[in-house]
Each structure stands twice: as structure tokens, then as C-alpha cells.
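Subject: Structure for your files

Hello,

Here is the structure I said I would send. My notes on it follow below.

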Amino acid sequence: MNYSSNTAGLQRAAQQFCLRRELRVSGAFMLVFGALALLAGFAPPPSPALLCVGVVLFATAITNLAMPSPAGIVFTGIALVLVGGFNIVSSFFDATQGSSSAGAWPVIGVWQIVWGIQAFARYRQYPAQIG
């Protein structure tokens with residue numbers, strides 16, 4: 001019996017399952033944090049930068065949940081790098097304004113950038129046909 005033709009189909013199905021699971025989990029977290037960023041961006045005093053971050057997170061989450069594809073991993077990576085950069089820059093901006101409460105946000109921002117770069121590397125493991 002020749003199992004080689006079934007192996008390729010099973011491999012594709014497994015990759016699609018893993019891709020959808022990964023995008024579902026990241027999409028759910030991005031949906032929550034995007035909504036929080038939007039709410040915080042509208043709170044007085046309004047922050048246009050935080051509103052932009054919230055829109056990017058929310059849009060990425062909706063895209064990944066509604067249409068999971070390998071490109072969604074790239075969108076996730078871009079969103080994570082953007083949020084990490086925002087956390088680092090806003091922490092340093094707050095520090096220059098005399099606030100001593102920067103805390104862990106720069107460290108979290110660095111980790112978010114690292115996770116975003118790792119998302120770009122994960123993109124290569126999924127062929128474009130499985131989307």
C-alpha cells in the first residue's frame with residue numbers, strides 16, 4: 001500500500017490546524033488588548049498614539065480570527081513590534097517628563113519586539129497554500 005500520497009495531505013492538514021490554533025489564540029489576546037488600548041486612548045487626556053496602537057491590534061485580531069492565513073502571522077509580528085516600540089518610547093517619554101513610574105514597560109516592550117521578530121520566523125514554516 002502506498003502511503004506517500006496521504007502523507008502530504010495529512011501534513012498540510014496538520015499545518016493548517018496549527019496555524020488556525022496559533023492565530024485563534026493570538027487573535028483573542030489582541031482583541032482584548034486592542035479594546036483596552038482603544039478605551040485607554042479615549043480616556044482623558046486622549047492619546048492619539050495609543051488609539052493607533054489599539055486600532056492596529058483590533059484590526060489584526062479581527063483579521064486573524066475571521067480569515068486565518070499565514071499572512072496573519074506577519075500581521076501579528078508587525079503589531080507586536082509596533083506595540084513594543086510604543087511601550088518603550090512612551091516609557092522614555094514619561095521619564096523625560098519627570099515621571100518615575102516607567103517600571104516594567106520598557107522590558108515588556110523589548111519582549112514584545114522579540115516575540116514580533118519570532119513571528120516573522122514562524123511565518124516560514126507555513127506554506128502559502130494552506131491559508
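**A partly exposed valine**

Val 25 has a relative accessibility of 46%, so this residue counts as partly exposed. Please keep in mind throughout that the model is predicted. Val 25 sits in helix α1, which covers residues 4–42. On the surface, Val 25 belongs to a nonpolar patch together with Phe 29, Val 32, Phe 33, Leu 36 and Leu 39. The accessible area of the patch as a whole is about 620 Å².

**The chain as a whole**

The chain has four helices and zero strands. Read from the N terminus, the order of elements is α-α-α-α. The C-alpha trace spans about 75 × 25 × 15 Å along its principal axes.

Of the 131 residues, 29% are buried. The chain has an accessible surface of about 8,200 Å², and carbon and sulfur atoms account for 72% of that surface. As for contacts between residues at least 6 apart in sequence, 73% of them join residues at least 24 apart.

**The salt bridge**

How many salt bridges does the structure hold? There is one. The side chains of Glu 22 and Arg 122 form this bridge, with 2.6 Å from N to O. The pair links distant parts of the chain, since Glu 22 is in helix α1 and Arg 122 is in helix α4 (residues 105–123), 100 residues apart. In general, side chains of opposite charge can pair when their charged atoms come close.

Gln 112 is another residue of helix α4. Its relative accessibility is 14%, so Gln 112 counts as buried. Leaving aside residues up to four places away in sequence, Gln 112 touches Leu 80, Val 81, Val 83, Gly 84 and Asn 87. Among the buried residues of α3 are Leu 80, Val 83, Gly 84 and Asn 87. Others in that buried set include Pro 70, Gly 72, Ile 73, Thr 76 and Ser 91.

Helix α3 runs over residues 70–96. At 1.5 Å a residue, its 27 residues should span 39 Å, and the end C-alpha atoms are 40 Å apart, so the two values agree. After α3 comes Gly 98, which has a positive phi, near 100 degrees.

Helix α2 takes in residues 48–66, 19 residues in total. From its first C-alpha to its last, α2 reaches 27 Å, close to the 27 Å expected at 1.5 Å a residue. Its buried residues are Leu 50, Leu 51, Val 53, Gly 54, Leu 57, Thr 60, Ala 61 and Asn 64.

Where does Pro 45 lie? Pro 45 is in the loop between α1 and α2. The peptide bond from Pro 44 to Pro 45 is cis, and its omega is near -10 degrees.

Regards

Key
Residues numbered from 1 in each chain as written. Predicted model: local features only at pLDDT ≥ 70, side-chain atom pairs only at ≥ 80, totals over all residues. Heavy atoms only, no water. Patch = residues over 30% accessible without salt bridge, like charges linked within 9 Å, V, L, I, M, F, W, Y side chains within 5 Å. Areas by Shrake-Rupley, 256 points an atom, 1.4 Å probe, with all protein chains shown as cover. Salt bridge = Lys/Arg side-chain N within 4 Å of Asp/Glu carboxyl O. Helix = DSSP H or I, 4+ residues; strand = E, 2+ residues; numbered from the N terminus. Buried < 20%, exposed > 50% of the residue type's maximum accessible area, 1.4 Å probe, protein only. Contact = heavy atoms within 4.5 Å. Expected span 1.5 Å × (residues − 1).
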